[in-house]
Amino acid sequence: MEESNQSVVSEFVFRGLCDSKDLQKFLFLPFSALYLMTVLGNLFIAFLIITDSHLHSPMYFLLANLSFVDFCLSSVTTPKLITDFLKDNKTISFGGCMSQILFIHFLAGDEMVLLVTMAYDRCVAICKPLHYSRIMDRQKCIWLALISWIIGFVHAISQLAMILDLSFCGPRIVDSFFCDIPEVIKLACMDTHTLRILINADSGVLAVTCFILLLISYTYILVTIHLHSKDGASKALSTCTSHITVVVLFFGPCIFIYFWPLSITWVDKVLSVFYTVITPLLNPAIYTLRNKEIKNAVKRLISHLD
């Protein structure tokens, strides 16, 4: 009878962010506050865009999608991280670990494609303003958002399928605070060199493709504004700063973790915190801090409440 290639590990143990119990207890309140602000900030923006008719445009429809994705992405790992600060035994079931992998890559893949869609929207608005309403109609916006979710899901399933094919029969300590693929595959009881290449290639195709499309889009926008605007580069920079900032904050840590040849544990953990905790918090602030329409919508909401 052949031995089936199934896991005999029923749960994994997280090492967490650090080994110091006192530091972990200290971090409990700051991370709880960060997560609360992330949830309230992103859900508030999504609620504001849905309820305010002045914000029913393609750009804000896509922004509402981004806020919802950021809320979900943060919720996959941060609540577990926060509760583990108060635990000595930071365990997660095998099924829970696989679920984290699935949803992290689903939502991260979705966000990558969504950022490209938002860049395309700005490209059409700035470079072809007279045709904007025809090109970015309601139906097309819905399809673009739906495609981003589909691509994210396909990417996640492909990653999970490769992980489920592994055999976990001994080591179960994950040197992270969530089930990150590079850390999980280290625990497999088999040679994973080829699998690492396949997983990185899978993630790389999506990440690099999206990043190149973003570079092309924003370069085209900057060149167009520079050629047709008296303000030139300063106005171009002002127009695209928020979008470019979000792109750098999101893609930077992901590319470093997955494609940097040397793995430094504490650096990987800091970058993981950045794109799972900090970036979802910063995105709504970056996109709305200097946005007059969002500020006016908040004022209208307050006046209605009064």
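Q: In which sense do strand S1 (residues 11-14) and S2 pair, parallel or antiparallel?
A: This is a predicted model, in which local features need pLDDT of at least 70, side-chain atom pairs count only at pLDDT 80 or more, and totals for chains, interfaces and linings use all residues. Numbering runs from 1 along each chain as its sequence is written, and side-chain values use heavy atoms, without hydrogens and water. Strands here are DSSP runs of E with at least two residues, and helices are runs of H or I with at least four, numbered from the N terminus; two strands pair if DSSP finds at least two bridges between them. S1 and S2 have three bridges, and their sense is antiparallel.

Q: Which residue of S2 stands opposite Glu11?
A: S1 covers residues 11-14 and pairs with S2. Opposite Glu11 stands Ser93.

Q: How many salt bridges does the structure hold?
A: A salt bridge puts a side-chain nitrogen of Lys or Arg within 4 Å of a carboxyl oxygen of Asp or Glu. Arg15, Asp175 and Lys269 join in a network of such bridges. The structure's total is eight.

Q: How far apart in sequence are the parts that Lys21 and Asp88 tie together?
A: The two side chains form a salt bridge, 3.7 Å from N to O. Lys21 lies in helix H1 (residues 21-51), and Asp88 in the loop between helix H2 (58-84) and strand S2 (91-93), so the tied parts are separated in sequence by 67 residues.

Q: Is Asp52 buried or exposed?
A: Asp52 meets Arg300 in a salt bridge of 3.1 Å, N to O. The pair links the loop between H1 and H2 with helix H10 (residues 292-305), 248 residues apart. Buried means under 20% relative accessible area, exposed over 50%, partly exposed in between (1.4 Å probe, protein chains only). Arg300, at 26%, is partly exposed; Asp52, at 9%, is buried.

Q: What is the relative accessible area of Lys186?
A: Lys186 forms a salt bridge with Glu183, with the closest N and O atoms 3.4 Å apart. Glu183 is buried at 10%. Lys186 is partly exposed, at 43%.

Q: What is the end C-alpha distance over residues 141-164?
A: An unreviewed UniProt entry annotates "transmembrane region" at several stretches, among them 62-82 and 141-164; such annotations, given in the numbering used here with shortened feature names, may be inferred rather than shown by experiment. Residues 62-82 are 100% helix, with ends 30 Å apart. Residues 141-164 are also 100% helix, and their end C-alpha distance is 35 Å.
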